[in-house]
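Keep the sequence and the 3D view side by side.

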Amino acid sequence: MRNGYTPSKMHNEYWENGVIPWFRMEDIRENGRILMDAVQHVSTTAVKKGGLFPANSIIVATSATIGEHALILAPFLANQRFTCLSIKAKWRNKIEPKFAFYACFKLDSWCLNNVNNGGFASVDMERFREFPFPVPPLEVQNEIVRILDKFSTLCNDLTSGLPAEIEARKKQYEYYRDKLLSFKPLKHA
């Protein structure tokens with residue numbers, strides 16, 4: 001568990017010719033919750049001694065827009081609004097990253113209910129560290145991922161397919177409306 005950071009904007013070299021994805025909340029809003037690349041990039045000179053966050057890590061919004069998360073599939077950096085959760089080497093053969101991603105929906109709800117309401121809303125990080133993370137056997141994790149992926153695909157298909165279906169029905173309505181309202185001109189006697 002590590003926090004993200006924003007490289008200093010006073011150092012142009014951090015922001016020019018960047019090749020490292022630097023994630024912000026806008027990336028989740030614009031591109032979804034499973035991400036390979038970010039809208040903004042930073043250069044290698046912007047990387048602190050802690051290094052990049054590893055691929056298959058999860059960023060969790062723990063301040064500002066609390067209750068959001070994403071699975072990041074490539075090595076990256078993220079801004080300070082995110083806490084990055086990476087699977088330790090000793091757990092890599094026991095936790096499926098996508099299962100952890102789905103389990104983080106529970107963490108999002110927990111975060112929303114465990115906010116310090118000082119001058120700036122943020123998650124109680126002492127309690128955050130103690131969040132009980134489920135670790136069923138890998139076979140169970142994989143089955144849960146398979147089922148949730150299927151539901152996710154179905155929902156996305158409905159969301160993307162519905163506008164197309166509405167448009168098709170609209171054209172069908174217009175066609176029949178025009179047909180029904182088309183009359184042969186009356187002959188005058």
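The expected span of a helix is 1.5 Å times one less than its number of residues. Helices (H or I, at least four residues) and strands (E, at least two) are DSSP runs, numbered from the N terminus. Apply that to α3, residues 97-112. At 1.5 Å a residue, its 16 residues should span 22 Å, and its end C-alpha atoms are 23 Å apart, which agrees.

A word on the ground rules. This is a predicted model, with residues numbered from 1 along each chain as its sequence is written; local features need pLDDT of at least 70, side-chain atom pairs count only at pLDDT 80 or more, and totals for chains, interfaces and linings use all residues. Side-chain values use heavy atoms, with hydrogens and water left out.

Stay with α3. The helix bends by about 30° at F105. Here the bend is the angle between axes fitted to the seven residues ending at a residue and the seven starting there. The buried residues of α3 are P97, F99, A100, F101, Y102, A103, C104, L107, D108, W110 and C111. Buried means under 20% relative accessible area, exposed over 50%, and partly exposed in between (1.4 Å probe, protein chains only).

Now turn to the strands. Strands of a sheet pair through backbone hydrogen bonds, either parallel or antiparallel. Two strands count as paired if DSSP finds at least two bridges between them.

Strand β1 (residues 2-3) joins β8 (residues 82-85) in the antiparallel sense over 2 bridges. N3 stands opposite T83 there. Next, β8 pairs with β5, again antiparallel, over 4 bridges. In this pair I58 faces L85 of β8. On to β6 (residues 69-72): β5 pairs with it in the antiparallel sense over 4 bridges. S57 stands opposite I72 of β6.

A second open sheet has 3 strands, in the order β4-β2-β7, and its pairing is also mixed. Its edges are β4 and β7 (77-78); each has a single partner strand, so one side of each is left without a neighbour in the sheet. Strand β2 (residues 20-23) runs antiparallel to β4, and 3 bridges join them. I20 has V42 as its bridge partner in β4.

The loops come next. Two residues sit in the loop between β5 and β6: I66 and A64. Are they buried or exposed? I66 has 11% relative accessibility and counts as buried, whereas A64, at 40%, counts as partly exposed.

Most residues other than glycine have a negative phi, and most peptide bonds are trans. A64 has a positive phi of about 65° although it is not a glycine. N17 is another such residue, with a positive phi of about 55°. N17 lies in the loop between α1 (12-15) and β2, and is exposed, with a relative accessible area of 76%.

K48 lies in the loop between β4 (40-42) and β5. K48 is exposed at 51%. Its C-alpha atom is separated by 8.8 Å from that of P7, 41 residues apart along the chain.

Finish with the pockets. On a 1 Å grid over the protein atoms alone, a pocket is an open set of points where a 1.4 Å probe fits, with protein on both sides within 12 Å along at least five of seven lines; lining residues have an atom within 4 Å of a point. A volume is the space filled by probe spheres set on the points, which are joined across faces, edges and corners.

The largest pocket has a volume of about 630 Å³. Of its 18 lining residues, M1, L85, S86, I87 and F133 are the closest to its centre. β5 (57-61) and α3 each supply at least two residues of that lining.

The second largest pocket has a volume of about 230 Å³. It is lined by 13 residues, and I34, F101, Y102, S152 and N156 are the closest to its centre. α3 and α5 (138-180) each supply at least two lining residues. α5 gives the most, with 7 residues.
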